[in-house]
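Here is a short walk through one fold. Keep the viewer open as you read.

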Amino acid sequence: PENQTLASITFQNYFRMYDKLAGMTGTAITEADEFADIYSLEVVEIPTNVAVARKDDDDEVYRTAEEKYDAIVKLIDDCKERGQPLLVGTTSIEKSEYLADKLKKHGYKQIDVTDPEAFAPLYDGDSGTTKEKIFAVLNARFHEQEAFIIAQAGLPGAVTIATNMAGRGTDIQL
């Protein structure tokens, strides 16, 4: 039968069959010992061409989930005020909808994703961003509108709440 296994080999032994091995990744340096032990390969870190501009702040820890979500809403307000697009990742549909409810209580309006004009307030020409507090939710409940929602997520002032599995393979318009 075509699905009968006649032999098996580990990735490590399969790769050892080649005379030369090379590759590039951003995470190999943390596994340098494994590459040395298993493949007898040296891992070389190549520094970036330009210094990293990202500022990595310390993690914030909250005593309660309510404090955490209040801080998220405050950050969303701050980003919205500056016209910065914001994509908030959540780990479940329930958490994305909980955050949506919190935003509604703070004066935000969830857009109707079935309306093709739903994102029109974000297109207000040269002034940069609208002050209208609208947001979209991207999760499995709206999978048919997924590409439409995520394509608009980069607009100035756009607020998108998404589960971390939503929107894969879709380009964000910047």
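Take the 13 residues of α4: at 1.5 Å a residue they should span 18 Å, and the end C-alpha atoms are 19 Å apart, which agrees. The model is a predicted one.

Which residues of α4 are buried? They are Ser96, Leu99, Ala100, Lys102 and Leu103. Viewed down the helix axis, the buried residues of α4 fall within an arc of 160°, so they line one face.

What does the buried face meet? The buried residues of α4 pack against α3, β1, β2, β3 and β4. Helix α4 covers residues 93-105 and lies across β1, β2, β3 and β4, at about 155° to β4. Gly107 follows α4, with a positive phi near 90°. Helix α3, residues 65-82, lies across β1 and β4 and runs at about 160° to β1.

Now the sheet. It is open, has 4 strands in the order β1-β4-β3-β2, and its pairing is parallel. The edge strands are β1 (86-90) and β2 (109-110), each pairing on one side only. Inside the order, β3 (134-138) and β4 (159-163) pair in the parallel sense over 3 bridges. There, Ala136 stands opposite Thr160 of β4.

Finish in the loop between β2 and β3, where Asp112 is found. Asp112 counts as partly exposed because its relative accessibility is 45%. Asp112 and Val137 are 25 residues apart in sequence, and their C-alpha atoms are 9.6 Å apart in space.

Conventions:
Residues are numbered from 1 along each chain as its sequence is written. This is a predicted model: local features need pLDDT of at least 70, side-chain atom pairs count only at pLDDT 80 or more; totals for chains, interfaces and linings use all residues. Side-chain values use heavy atoms; hydrogens and water are left out. Two strands pair if DSSP finds at least two bridges between them. Helices (H or I, at least four residues) and strands (E, at least two) are DSSP runs, numbered from the N terminus. Contact means heavy atoms within 4.5 Å. Axes are lines fitted to C-alpha atoms, for helices over the stretch in contact, and angles run from 0 to 180 degrees between N-to-C directions. Buried means under 20% relative accessible area, exposed over 50%, partly exposed in between (1.4 Å probe, protein chains only). The expected span of a helix is 1.5 Å times one less than its number of residues. The arc is that of the directions from the helix axis to the C-beta atoms.
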